[in-house]
Amino acid sequence: MATLEDKLLGEKLEYYCSSSEGEDNGDDGDGDCDDEQGARGSKGSASSGLTINTDPNAAPPGGFRQQGSTNTGPKGVVQDWQRFKQLEAERREETERQRVALAKKLSMTTATSAEDEERKRQEELDAEFAELMSEDFLQQYQKQRMAEMLRQTGHHQQFGKVLQLSTHEEFLSCVEEENKHTTIIIHIYERSQSACATLNSCLDTLASDYPSIKFAKICSSVAGMSRDFRTKGLPALLVYKAQALIGNFVRLTDDLSDDFFASDVESFLIEHGIIVDRALYN
């Protein structure tokens, strides 16, 4: 029959260890009791579907585990301050690196823009220089400069024909009384020689083409030339400037042959620097 203790304990009676039993069995009894309670706990846990976690660091059933308190003493404050200053220094260094990188990028961009502008400007200058150095421009420039030089040297005076010198005095006056910047070309001829007649005809053409140059002719006998010179030295050209003889060409047929034209005489005079090609200033 169940006692009052049995009623109070109910179905757990079989797991109850009385003091009388413990006293009788000594230490062995305590071990049995512990074994029974462990078995009972295991059985209860298995039957209820729960797992017992024996890890002391594991979170409680509620999902949270209380953290250990931080050190708020003097050492902790110093450490926190040192960490704060370290982070602040790192942030300054990072900011400085970003600033330097940005400055380099902007500098490179500015330099690139300046180089592009300089390159474009150089290309424009090269194009302008190439245009200036074109053959047409150079010829036009030479013409303008030559015309300006001729005006400055008194070549504004116009002749346009071959002057006939009939006396020795006219010959001297033709040379000595002329402007010092004027080129004077005098043909010494002999009427009996065909080459002299051809050269007179060529000089008529050149006098019209070069009106700033003074062309004249004089017979060899009037100029006082010897018979030997009249035979071997004609046709001859004497060139004067500022009363000085700057050209003396005798027996021109050796250079021009017996059959020549005005263009041949013109090329001859240009080649020897007596006249300037009219194409440069006309």
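1. **How α7 meets α11.** In this predicted model, helices α7 and α11 pack at an angle of about 75°, and their axes are 9 Å apart. That angle makes α7 roughly perpendicular to α11. From α7, the contact draws on L199, C202, T205 and L206; from α11, it draws on A262, V265, E266 and L269.

2. **The buried side of α11.** Which residues of α11 are buried? Helix α11 spans residues 262–271, and its buried residues are A262, V265, E266, F268 and L269. They lie on the same side of α11, because the arc they cover around the axis is only 160°.

3. If you follow the chain past the end of the helix, you come to G273, which follows α11 and has a positive phi, near 75°.

4. **The F171–Y240 pair.** How many aromatic pairs does the structure hold? There are two aromatic pairs in the structure. One of them joins F171 and Y240 in an edge-to-face arrangement, at 6.2 Å centre to centre and with 80° between the planes. F171 sits in helix α6 (residues 168–176) and Y240 in strand β4, so this pair ties together parts that are 69 residues apart in sequence. Are F171 and Y240 buried or exposed? Both F171 and Y240 are buried.

5. **The F249–F268 pair.** Here the ring centres of F249 and F268 are 5.2 Å apart and the planes stand at 75°, so this pair is edge-to-face. Since F249 belongs to strand β5 and F268 to helix α11, the pair ties together parts that are 19 residues apart in sequence. F249 has 14% relative accessibility and therefore counts as buried, the cut-off being under 20%. F268 is buried with a relative accessible area of 7%.

6. **Where the points meet.** The ring of F268 pairs with that of F249, a residue of strand β5.

Note on methods
Residues numbered from 1 in each chain as written. Predicted model: local features only at pLDDT ≥ 70, side-chain atom pairs only at ≥ 80, totals over all residues. Heavy atoms only, no water. Buried < 20%, exposed > 50% of the residue type's maximum accessible area, 1.4 Å probe, protein only. Helix = DSSP H or I, 4+ residues; strand = E, 2+ residues; numbered from the N terminus. Arc of directions from axis to C-beta. Axes fitted to C-alpha atoms, helices over the stretch in contact; angles between N-to-C directions. Parallel < 35°, antiparallel > 145°, perpendicular 65-115°, else oblique. Contact = heavy atoms within 4.5 Å. Phe/Tyr/Trp six-rings, centres within 6.5 Å; stacked < 30°, edge-to-face > 60°.
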